[in-house]
Amino acid sequence: IDHYAGSMSIAESVLTISWPDEVVYKSNVQEIFCTAIQGKDHSPTLGPNDVLLSPVVYASPCIAILRKPITIEIPHCALIDSGGWQVTVVKNSSFLSERPQWEPLASWQWPKMGQQENC
């Protein structure tokens, strides 16, 4: 990633990374590694009513010095229009060689069709 806005697609995993202008200082370049990981060893533990909707994404280095957020687009299989979903994004800051320590990052809930959301 350099000083100019751009994007990159990773065809094998269908991930897209995009970044705005000036995400790093003008004279700098920041290398970013991003891939989709297969296998249960690196997936969050799921409860009986939970479903993994997207691939697990590994991005590194976690100490990257970025001046603005980057966006990682991840394909998923949730049909949000049907409602009744609670979607939670989780993060794991441990290394691949360590046991994952998953923490919630953000959560959204969509009501079932025909139910109104309490505003």
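Colleague: Let's begin with Ser43: why is Ser43 called buried?
Modeller: Buried means under 20% relative accessible area, exposed means over 50%, and partly exposed lies in between, using a 1.4 Å probe and protein chains only. Ser43 has 17% relative accessibility, so Ser43 counts as buried. Ser43 sits in the loop between E3 and strand E4 (56-60). Leaving out residues up to four places away in sequence, Ser43 touches Leu52, Val56 and Trp102; contact here means heavy atoms within 4.5 Å.

Colleague: Before we go on, what kind of model is this?
Modeller: This is a predicted model, in which local features need pLDDT of at least 70 and side-chain atom pairs count only at pLDDT 80 or more, while totals for chains, interfaces and linings use all residues. Residues are numbered from 1 along each chain as its sequence is written, and side-chain values use heavy atoms, with hydrogens and water left out.

Colleague: What is the mean pLDDT of the protein?
Modeller: pLDDT is the predictor's confidence in each residue, from 0 to 100. The protein has a mean pLDDT of 80, with 90% of its residues at 70 or more.

Colleague: How much of the protein counts as buried?
Modeller: Of its 119 residues, 20% count as buried. The protein exposes about 9,100 Å², and carbon and sulfur atoms supply 52% of that area. Accessible areas come from the Shrake-Rupley method with a 1.4 Å probe, and for residues only the protein chains shown count as cover.

Colleague: Which residues make up the largest nonpolar core?
Modeller: The nine residues are Ile1, Ile10, Leu15, Ile17, Trp19, Val23, Val24, Cys34 and Ala36. E2 and E3 each supply at least two residues of this core, and E2 gives the largest share, three residues. A nonpolar core is a set of buried Ala, Val, Leu, Ile, Met, Phe, Trp, Tyr and Cys residues joined through side-chain atoms within 4.5 Å. Within this group, Val23 touches residues including Ile1, Ile65, Leu66 and Ile70.

Colleague: Why does Glu22 count as partly exposed?
Modeller: Glu22 has 36% relative accessibility, so Glu22 counts as partly exposed.

Colleague: What about Asn28: why is Asn28 called partly exposed?
Modeller: With a relative accessible area of 38%, Asn28 is therefore partly exposed. Asn28 also lies in the loop between E2 and E3. Neighbours within four places aside, Asn28 is in contact with Ile1, Asp2 and His3. Asn28 and Ile1 are 27 residues apart in sequence, with 8.7 Å between their C-alpha atoms.

Colleague: Which residues form the nonpolar patch on the surface?
Modeller: Val89, Leu105 and Trp108 form the patch, with about 290 Å² of accessible area together. Like charges are joined within 9 Å, and nonpolar side chains (Val, Leu, Ile, Met, Phe, Trp, Tyr) within 5 Å. Leu105 is in strand E7 and has 55% relative accessibility, so Leu105 counts as exposed.

Colleague: And why does Gln109 count as exposed?
Modeller: Its relative accessibility is 54%, so Gln109 counts as exposed. Gln109 is in strand E7 and, apart from residues up to four places away in sequence, touches Trp85 and Gln86.

Terms used
Helices (H or I, at least four residues) and strands (E, at least two) are DSSP runs, numbered from the N terminus. Patches are made of residues with over 30% relative accessible area and no salt bridge: like charges are joined within 9 Å, nonpolar side chains (Val, Leu, Ile, Met, Phe, Trp, Tyr) within 5 Å. A salt bridge is a side-chain nitrogen of Lys or Arg within 4 Å of a carboxyl oxygen of Asp or Glu.
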